[in-house]
Amino acid sequence: MAGLQTYVAKRDFSKTREPRGARAKTRGNAFVIQKHAARRLHYDFRLELDGVLKSWAVTKGPSLVPGDKRLAVEVEDHPIDYQEFEGTIPKGQYGGGTVQVWDRGVWAPHGDARKGLAKGKLDFELAGEKLQGLWHLVRMRSSGGEKRNNWLLIKARDAAARERDEPDILEEHPESVLSGRSIDEIAADKKSKVWQSSRAQDGGTETPAKAAKRATREQRQTNKAEED
Ligand code: MN
């Protein structure tokens, strides 16, 4: 899915403070991984390409062990601004839950990235704060029934790879590269929650007490819109 139509359609920007965004005119090579405590915890892996962030939801998160094949479900392109987003998406909104910027840096494809994505095999280098070296994204054959494309994210064997008995990078470095905070600390940041709630409600004049009451009410609502 190219472009940001799906991203915009899924979100109510009067209720979430995720960036609305637009396809960027500049061409960069950023990557970001956002730990996302939605209904199910996952890590969103995003590569900047042609003015958007190509995105995959990696259920178990990346592994530095070359034998680990981590399921990476292709999701909608996100705006470039999204790489800066850290905070809590309100309950009841798409992807409701807390987002942490777990890693970021730059990436470089081996060969043409567009061709690689089209044929379902992308080899690329990451130069992040936590992840480095050569990686593979490999699209799995569709059995026809899935709504989205499933890929596998695999670390190549190189100096940045680890053996299975070495520490898990997800546990070794759980902190945000943006703020140093744990995902629980971000979730507990009441100030940012009230701020986004008041923006949604009445343009910023809502009192903290009112906002807290409404947040509790919203938390009780069932959450059908939430992503996997
Ligand atoms: Mn997500």
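Two strands pair if DSSP finds at least two bridges between them, where strands are DSSP runs of E with at least two residues, numbered from the N terminus. The model is predicted, so that local features need pLDDT of at least 70 and side-chain atom pairs count only at pLDDT 80 or more, whereas totals for chains, interfaces and linings use all residues. Residues are numbered from 1 along each chain as its sequence is written, and side-chain values use heavy atoms, with hydrogens and water left out.

**View 1. Strand β6 and its pairing with β5 and β1.** Strand β5 (residues 87-89) pairs with β6 in the antiparallel sense over three bridges, and isoleucine 89 has glycine 97 as its bridge partner in β6. Strand β1 (residues 30-37) is likewise antiparallel to β6 (residues 97-109), with eight bridges, and there lysine 35 is partnered by glutamine 100.

**View 2. Pairing of β6 with β7.** Five bridges join β6 and strand β7 (residues 121-128) in the antiparallel sense, with glycine 105 opposite glycine 128 of β7.

View 3. Rings of Phe, Tyr and Trp (its six-membered ring) pair if their centres lie within 6.5 Å, and planes under 30 degrees apart count as stacked, over 60 as edge-to-face and the rest as tilted. Nine aromatic pairs are found in a search of the whole structure. In one of them, the rings of phenylalanine 45 and tryptophan 56 are tilted, because their centres are 6.2 Å apart and their planes at 45°. The rings of tryptophan 107 and phenylalanine 124 are edge-to-face, because their centres are 6.1 Å apart and their planes at 85°.

How values were computed. Helices (H or I, at least four residues) and strands (E, at least two) are DSSP runs, numbered from the N terminus.
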